[in-house]
There are 2 protein chains.
Amino acid sequence: MRKQITGFSNPTVKYLRSLRDKKHRKRSGQFLVEGLRLLEDARSVGRLPQTLVMAEGRDGHELLARLEADVVAAGGEVITTTPDILAKITGKENAQSVAGVFDEWDTSLAGLDRQAAPIWLAAQALRDPGNLGTMLRTCDAVGAGGLILIDDCADPFSAEAVRASMGAVFTVGLAQARWEEFVPWLRGGMGQLVAASLRDAVPYRGAPYQAPCFILVGNESQGLPEDYEAACDLRVTMPMRGRADSLNAAVAGAVLAYEVLAGVEV
Amino acid sequence: MRKQITGFSNPTVKYLRSLRDKKHRKRSGQFLVEGLRLLEDARSVGRLPQTLVMAEGRDGHELLARLEADVVAAGGEVITTTPDILAKITGKENAQSVAGVFDEWDTSLAGLDRQAAPIWLAAQALRDPGNLGTMLRTCDAVGAGGLILIDDCADPFSAEAVRASMGAVFTVGLAQARWEEFVPWLRGGMGQLVAASLRDAVPYRGAPYQAPCFILVGNESQGLPEDYEAACDLRVTMPMRGRADSLNAAVAGAVLAYEVLAGVEV
């Protein structure tokens with residue numbers, strides 16, 4: 001069944017719009033995803049929106065028709081509305097013609113199978129949602145199991161993180177934990193914790209990486225706390241030929257991940 | 001001489017504020033840089049703002065005092081104003097306590113010395129200013145000569161690009177050119193043009209890189225045009241183990257740049 005919304009002040013419009021704010025996402029446990037491509041990425045791994053919102057006059061697309069059918073079959077809701085109202089919901093002038101509301105899922109460490117992949121990325125106090133999404137995308141590219149967000153990070157369910165992930169938020173593992181939870185979990189099984197570091201570090205190239213290898217990058221401004229680095233099994237350093245002593249966090253994670261990938265494949 | 005501005009409607013405030021728009025930056029040939037750290041990066045390589053804008057009550061800082069003295073000595077202008085007005089200028093609620101207005105500089109290819117470094121980054125139709133700034137930062141890290149922006153890219157003098165560059169916009173080379181200008185310039189001297197590609201490519205790891213090596217990455221959505229790839233001397237491919245077939249543009253550039261760095265150093 002389709003429901004049509006024609007008024008800007010409709011409570012559903014207000015609710016959908018509220019999902020742009022982290023506070024409201026946390027309260028409702030839902031997030032909003034814009035664009036057919038991301039919705040297709042989600043569908044391809046069996047994640048369907050609870051609610052599908054489509055702009056009127058744009059529903060001739062075959063993929064969209066299939067998505068709508070799947071949402072309805074799964075008991076979800078389909079809303080049609082005007083392009084203007086959809087733009088108001090997403091906060092973009094050039095809104096995509098479709099958006100979906102998903103339930104957030106379990107992001108506890110218990111949901112990860114560390115043996116499922118030779119590489120994992122971990123980020124501590126990562127503040128930039130674009131960096132977060134880029135790291136999820138890198139996880140997909142290197143065949144990493146997923147991304148573990150340690151301490152207070154940006155929200156992986158924000159529109160910016162989801163967009164930067166290019167759909168990887170749906171397809172790779174995702175966990176959120178405090179450092180005090182992460183360390184016991186890590187030490188409860190196999191796993192090498194590797195940090196990019198300037199202290200007591202070996203060259204990153206050809207370092208003795210071991211699967212499953214957990215690559216840890218720190219906050220964009222502060223880097224990793226010293227005691228976090230000390231708790232790592234291996235500290236590696238990348239050449240820094242210029243004036244600065246660090247890379248963008250997502251870049252550092254990716255350069256290390258590709259090096260580990262080459263190392264664990266040998 | 002210090003000038004004090006107390007009114008929101010002051011024409012200087014309007015002018016400074018207008019520099020947040022690319023259109024106005026192009027017209028005036030000036031851009032605005034926020035924060036003492038970036039201003040210090042600029043000063044360290046001899047670039048001083050034409051105008052320094054300081055929030056009142058914050059001028060006890062030693063670095064800021066030195067910067068002010070240098071600006072005055074160079075014939076520049078120093079403006080003090082209220083924190084509220086500075087926030088209005090920069091468009092940020094938590095504005096830094098200082099900003100500077102710089103003249104844009106020559107970004108023609110003629111300004112680059114290709115022999116100055118073994119690695120150069122080039123980006124075609126790069127649209128995201130954060131990616132652009134991140135690539136400048138990577139240039140600094142790998143000791144690259146600089147970044148060449150090909151065709152219509154984001155503005156390297158936007159606040160977001162400058163911030164993401166962590167000051168590297170001031171310290172590494174920067175050029176802007178159409179493809180039709182870039183190719184004759186490149187072929188007018190030594191230089192290997194390398195593209196990340198899925199077509200007719202060799203593994204990126206251990207590929208025969210030669211200095212000066214120009215690493216070319218394409219637009220975030222479209223990648224490189226096929227004829228641009230065909231014009232490259234070497235096409236390399238990176239492992240893609242997941243569902244997607246590409247990396248974030250700045251990430252791809254960095255992974256390649258570190259591989260080239262290892263290669264040209266052997």
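Predicted model: local features only at pLDDT ≥ 70, side-chain atom pairs only at ≥ 80, totals over all residues.
Which residues in α1(A) meet which residues in α5(A)?

**Entry 1: two helices.** I looked up helix α1 of chain A, residues 11-18, and helix α5 of chain A, residues 83-90. On the α1(A) side I found Val13(A), Leu16(A) and Arg17(A), and they meet Ile85(A), Lys88(A) and Ile89(A) in α5(A). Sorting the residues of this contact gave me 4 nonpolar, no polar and 2 charged. The axes of the two helices lie 7 Å apart, and the packing angle is about 40 degrees. Angles under 35 degrees would count as roughly parallel, so I noted α1(A) and α5(A) as oblique to each other.

**Entry 2: strand β5(A).** Next I went to residues 98-103 of chain A, which make up strand β5. Is this strand mostly covered or mostly open? I found it mostly covered, with 5 of its 6 residues buried. Then I checked its neighbours. Strand β2 (residues 30-34) of chain A runs antiparallel to β5(A), and 5 bridges join them. One partner pair I wrote down is Glu34(A) with Ala99(A) of β5(A). Strand β3 (residues 51-55) of chain A also pairs with β5(A) in the antiparallel sense, over 4 bridges. Here I noted Thr51(A) standing opposite Val101(A) in β5(A).

**Entry 3: where the chains touch.** Last, I asked how many residues of chain A are in contact with chain B. I got 27 residues of chain A, in contact with 27 residues of chain B. On the chain A side, α6 (129-142) and α11 (249-265) each supply at least two residues. That side divides into 15 nonpolar, 7 polar and 5 charged residues.

How values were computed. Residues numbered from 1 in each chain as written. Chains lettered and ligands numbered in written order. Buried ≥ 20, exposed ≤ 12 C-beta atoms within 10 Å, placed from the backbone. Pairing = 2+ DSSP bridges. Contact = placed C-beta atoms within 7 Å. Nonpolar A, V, L, I, M, F, W, Y, C, P; charged D, E, K, R; others polar. Axes fitted to C-alpha atoms, helices over the stretch in contact; angles between N-to-C directions. Parallel < 35°, antiparallel > 145°, perpendicular 65-115°, else oblique.
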